[in-house]
Amino acid sequence: MTNIPETGRTPRVQIRLIVIQILVLSLLGTLGGRLWYLQIREGDAYAKEASGNHVQQVVEPAVRGSILDARGVPIADNETRLVVSASRTDLLKMKDDGKAVLTKLAKVLGMKPAEVMQKVRLCDAETPQPCWNGSPYQPIPITDEATAKQALQIRERAEDFPGITAEPEAVRRYPSPGKANTAQVLGYLSPVTDEEITKAQDTDSPYLRSDQVGRSGLEREYDKELRGKAGVTRYEVDNLGRVIGQAEADEAQPGANLVTSIDSRVQRVAEYELNDAMKEARKQFDDNTGENYKADSGAVVVMEAKTGRIVAMASNPTYDPNAWVGGISAKDYKKLTGKDSNYPLLNRAIQGQSAPGSTFKVISTAAAVEAGYDFDGRYPCTSSYSVGGQVFKNFESENFGPINLGRALEVSCDTVFYGLAHREWQRDGGINPKKGEPKDYFFKAAHQFGLGKTTGIDLPNEVTGRVPDRQWKQAYWEANKDAWCKTGKKDGTYVEKISYENCLEGNKMRAGDEINYSIGQGDTMVTPIQMATIYAAISNGGTLYNPTVGKAVVSADGKSVDEIAPKSHGKLPISKTTLAKMDDALAGVATRGTAAWRFAQVGWPQEKIPMHAKTGTAEVYGKQTTSWFATYTKDYSIVMTISQGGTGSGASGPAVRNIYDALYGVSDDGTINKKNALLPTPQKGLPKVRTDGTIKSPKVAKDPAKQQRVSQEGAPKPEETTLAATVGQPTSGNRNTRRRRRRRGSRRMCT
Amino acid sequence: MTGNSFSVSGYGPERAGWTRLFARDSLARRLDWPILFAALALSGIGSLLVFSATRNRTEINQGDQYYFLIRHIMNTGIGFALMIGTVWLGHRALRTAVPILYGASVFLILMVLTPLGSTVNGAHSWIVLGGGFSLQPSEFVKITIILGMAMLLAARVDAGDKPYPDHRTVLQALGLAAVPMLIVMLMPDLGSVMVMVIIVLGVLLASGASNRWVFGLLGTGAIGAIAVWQLGILDDYQIARFAAFANPSLDPAGVGYNTNQARIAIGSGGLTGSGLFHGSQTTGQFVPEQQTDFVFTVAGEELGFVGAGLIIVLLGVVLWRACRIARETTELYGTIVAAGIVAWFAFQSFENIGMTLGIMPVTGLPLPFVSYGGTSMFAVWVAVGLLQSIKVQRPMSA
């Protein structure tokens, strides 16, 4: 008993009790610490998760803004269509994954069951189009062309069509006013993908599951403005999805309208004339290849010279932009992107590039003047130019004897430029340039003219073209020398010989390279939009404008008008006096030079509307020549090119002339009829916005191109013709037109 | 205190009664008020949380939004009465009745195994009495195990025969605890078994039994846990709960759902919470069993760190005072009973709150005083009564 203390407990118990007490308190401390961690340190993250938990969004998509031409005529707008959609989640719940329902649906819609099933399958690496690349949780549109009868059938027998809905929806429409389809400029839409949603999640314009996103053209470039903001109503819901809380609603904000500088009438004329010129070219025999010209593709740009605004931009082959609306069919998709499609989705005005041919000579002329050669000096225009045993022919003109640079432009004398380029090449040190920077006036000028980089047009995926300067040659050689050295043979075929030479000294600037370069042949690549920008700059006194298609963004209510001002990206490296002389020379091209047979000699009112032009015919190894035609007046610059189309003035000349006729109202006999002029001066200002936000638009003739031709000839035309511009619409030629073209002179004349 | 002034100026029979109540060494003066207040506060907070969790749940509250609130308050009242009764009887008086109480509680849990018992949330541990009332006898077993073991272990020591309980006594006590534990394990109510194991551990520690027993028990527990796991004694739902505890994102819509939603609810509360009745997780019923096992999530979301922390502090007060009572009482019997209660409350609170915070696996244990549930409420208040009784009663004259 003595060892038991008075409390009745031994020290062992006492110690253990204290241990228990400490243990208990540390347990509670652990809880407190964990509580602090969850609520204070990580509280924000959990709060966010909680709000995602119990908030359901109901999305009301915003109406996408329209795209209008310069006069307010819609070239892309919306229409209400009956859309039949299938819910994948519902279909997958069925035993056969909804096959029976889809087959029944196909019957009602008059489609093939396989076609319907293709539309609802999800896109992945192995699934070709058509497939659904939007969210699998969103109803997938099967057709947006359901008739009211079909929609009724589906809705009345809802029990037969579980997971299928038929609802009226606003869908994109490309109305093609006056048959101007403007396809590549407008672009197209397709559903937003999961990746895009995640990527844009934390930006200021997140995507919604239901969004359609602009994939190319203006639809893509101005997607953010056009898209608007979908209305989102947030409901607080419980764990079963029942609405319990009050709703918080953001109203849908319709997208803004985009007013462009496109004039749909001129656009139609440009498209029609381009297509017609290509058809014409295909009837012409090419002596070099022994077959007709292929004229596989072409582009034309009509630009306001003083602002860089695009009045018309056509690319051929083209397609019907409405093919994309409501999901594209397998057939259409193949037609647009397949190997044999010739890629109508490409906008060749900004994505097509080729050697510029003699249209490049304005740059060589400027370079020569920069290098110190007198514009008015005398330079021999011989019939050929020889360097080290290699003979460079004067392709486009005859022997004119000593002439000045202006005359060399007029008659497009190659040998004058050969001589200048060769001398500059020698001054820079020849094949092994001296230490220090070679002057490279000819290459520097090209860069200063904006070649080798994008013009900054407000259309996506513009290509840069290429200036084949020393840097490029070095890089290109490094990338290709292995292949060249492998295939090159000293005494092989032409290609093998070239490879052999390239392997040896492809990284060096050879005399022949610079000589070829001076007349726009060889490795130089330009886009039509670059050339239009350059010729517009020559017209406007030397300012290189960033071409723009968008002119103003007008909010849906019309209250805010955000004009897109012209921007410049540089000045031409030419003095005022040289520019004036060059301007004269280019006018000379149209009056007595290579383009005279398209203008002055066939009734162009040169005194009233001074025309300036430069022709170009680019050699492409293994292909037929590329036709280039660059022109300008004081208001417009028009550049047309046809790949494998023949000569500059030959293939493109008549079409460009016709576009000018339409713009200024010039008749075949040279009289100007103001009434027929579509746009004698560039469109100033914006179309009128009504108080309700809608935009006033004039009526557009059924086919301005046809109308123009009739008015130019001043005779009624009995025969109706159709256009070969759109894919899937085979067309017949227009005989009247051809006859008239012949009157303007033989194609076989000079070029 | 007013008691002093009464005792000085006290005259007249009525006042004499008050005087006696608050006089030095009077019952009221010797009661442990902090425990009483903390327990009442916890029950009060509990009633608000239960109300918040159930007022909109028409599918279980029979269209009466006060259904659970009223019953929770009623349970608290009954529990409070049971506490007074316990104090009145005194733990020493109860000591003599321990064999009867023990027998009764074992009988009740045996009843659960008969067709009278019913299954709730995978545990077959309830006796439904009808009228919305049901009994969970394993709650009472916790008390009778404490009392029974204390009686056996303290008998020889309190009589002054031995300083510590000998091996035979310890064996007897363990056997006494093992019988109901085995039955509860058959239900299976693993959570309760875990609590009982901890109780046994606490009781052995406080009894002064040899270290060998303590470590032996710990080792047996560990081996037993492994055996249970390996031999597939656990039901699928129990394994799933443990797996979800180890990795809550395993199946966020299935078994991991509870823990995930519970953590989201608590985490979103922040410092001060969304306000009582304004928790979106609670209103949206994203957390299951929110008025019972997951009641702490309501506190976490709606009262924030401040409110949820207060609950932990109040539990701390109860446990701290209970530890003091265990240390200060002169009899080993009282010490063992108090220590057993400490082990019970501490582990059950830690397990319950810990599972809502994601640091313990999910088991169906109520939070003492706070969770809705009659039997549990009665049991914890009886335990408070026992603590008070130990505190109040003077040492027996040696």
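The exercises below, each with a worked solution, concern a predicted model.

**Exercise 1. Confidence in chain A**

Task: Find what pLDDT chain A averages, and where in chain A the pLDDT is below 50.

Solution: 
1. Begin with the whole chain: the average pLDDT of chain A is 85, and 88% of the residues score at least 70.
2. Next, take residues 1–6 of chain A, where the pLDDT is below 50. Beyond near neighbours in sequence, this stretch has four contacts in the model.
3. Then take residues 715–751 of chain A, where the pLDDT is also below 50. This stretch has 57 contacts in the model beyond near neighbours in sequence.

**Exercise 2. Make-up of chain A**

Task: State how many helices and strands chain A has, what share of its residues is buried, and what share of its contacts join residues at least 24 apart.

Solution: 
1. Chain A contains 25 helices and 25 strands.
2. Of the 751 residues in chain A, 47% are buried.
3. Count contacts in chain A between residues at least 6 apart in sequence; 71% of these join residues at least 24 apart.

**Exercise 3. The nonpolar cores**

Task: Identify the residues with the most contacts inside the largest nonpolar core, and list what Val300(A) is in contact with.

Solution: 
1. The largest nonpolar core has 161 residues. Val266(A), Val300(A), Val301(A), Val302(A), Ile638(A) and Ile659(A) have the most contacts inside it.
2. Domain 2 (56–258) and domain 3 (264–356 + 526–715) of chain A each give this core at least three residues.
3. Neighbours within four places in sequence aside, Val300(A) is in contact with Ala270(A), Leu274(A), Ala314(A), Ile638(A), Met640(A) and Ala655(A).
4. Another core, of 123 residues, lies apart from the largest one and includes Val157(B), Ala173(B), Val298(B) and Trp344(B).

**Exercise 4. Where chain B touches chain A**

Task: Describe the side of chain B that touches chain A by its residues and helices.

Solution: 
1. Contacts link 45 residues of chain B with 39 residues of chain A.
2. At least two residues each come from α10 (190–207), α13 (256–267), α14 (280–283), α15 (295–328) and α16 (332–357) of chain B.
3. α15(B) gives the most, with twelve residues.
4. By type, this side of chain B divides into 23 nonpolar, 19 polar and three charged residues.

How values were computed. Residues numbered from 1 in each chain as written. Chains lettered and ligands numbered in written order. Predicted model: local features only at pLDDT ≥ 70, side-chain atom pairs only at ≥ 80, totals over all residues. Contact = placed C-beta atoms within 7 Å. Helix = DSSP H or I, 4+ residues; strand = E, 2+ residues; numbered from the N terminus. Nonpolar A, V, L, I, M, F, W, Y, C, P; charged D, E, K, R; others polar. pLDDT = per-residue confidence, 0-100. Core = buried A, V, L, I, M, F, W, Y, C linked by C-beta atoms within 7 Å. Buried ≥ 20, exposed ≤ 12 C-beta atoms within 10 Å, placed from the backbone. Domains from an automatic or database assignment.
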